[in-house]
Each structure stands twice: as C-alpha cells, then as structure tokens.
Amino acid sequence: MTAHDILTDIHALEEELIEFERKYGIRSEIFYAAYINGEEPEDESWALDFGEWASVYRTWLSRQADYRDKIGSLQQDKQSLAGLIHVAA
C-alpha cells in the first residue's frame, strides 16, 4: 500500500469511529480502554456494535502504525516534505 492508500483507509476508518462516538457519546479511545479491560455493554443490543467498534479501532491503530512506518521509510529516501506530498486530482 502507498502512503496515500493508507491515509485514505485511515480517513474511512475515522468516519466509522465518529459514527460510533456520536451514537454512544464517548471517544473511541475511552471506549476501547474499557472494552479491552473487559467491560460489558450495559444493553445487550449494543454487543454487536461494541465488537465492531473495537475491531474498527484496532484496525485504525494498525493503519496509524503502518502510515508512520511508511512515512519514515519515505523520509529516509526523500528528506523533504515536498517529496511526501501527494495532491489528489
């Protein structure tokens, strides 16, 4: 994946996270910390959402790391910001 592809993926994931945040009224990082510590949803109807939300958040974290790695690699090859910028058509 190119840096641009990874960034596009990050933005799509962020849109999904925002939907969950608006629905449940908390930030994803707060939700995820509670979720991985074993907190159960108060309402059984939330269980599917919580599983999906956690999955999207984990993928977002992974893509963030992928992006940092990709940019780090590109910066070794091109020492300027101009070499990293990709303008969408």
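Select E21 to start: at 14% relative accessibility, E21 counts as buried, where buried means under 20% relative accessible area, exposed over 50% and partly exposed in between, with a 1.4 Å probe and protein chains only. What you are looking at is a predicted model, in which local features need pLDDT of at least 70, side-chain atom pairs count only at pLDDT 80 or more, and totals for chains, interfaces and linings use all residues. Residues are numbered from 1 along each chain as its sequence is written, and side-chain values use heavy atoms, with hydrogens and water left out.

The side chains of E21 and R27 form a salt bridge, at 3.1 Å from N to O; the term covers a side-chain nitrogen of Lys or Arg within 4 Å of a carboxyl oxygen of Asp or Glu. R27 is partly exposed, its relative accessible area being 48%.

E29 has 37% relative accessibility and counts as partly exposed.

Now select residues 3–24, helix α1. Helices (H or I, at least four residues) and strands (E, at least two) are DSSP runs, numbered from the N terminus. The expected span of a helix is 1.5 Å times one less than its number of residues.

Color the buried residues of α1: A3, I6, I10, L13, L17, F20, E21 and Y24. Looking down the axis of α1, you find these within an arc of 95 degrees, so they line one face of the helix; the arc is that of the directions from the helix axis to the C-beta atoms. Show α2 (28–36) and α3 (47–77) as well, since the buried residues of α1 pack against both; contact means heavy atoms within 4.5 Å.

Turn to the face of α1 pointing away from its buried side. There you find the exposed residues E15, E19, R22 and K23. Then step to G25, which follows α1 and has a positive phi, near 75 degrees.

Last, go to α3 and select R63 and D66. Their side chains meet in a salt bridge of 3.8 Å, N to O. The two are 3 residues apart in helix α3, about one helical turn. D66 is partly exposed, at 29% relative accessible area. The whole structure has 5 salt bridges.
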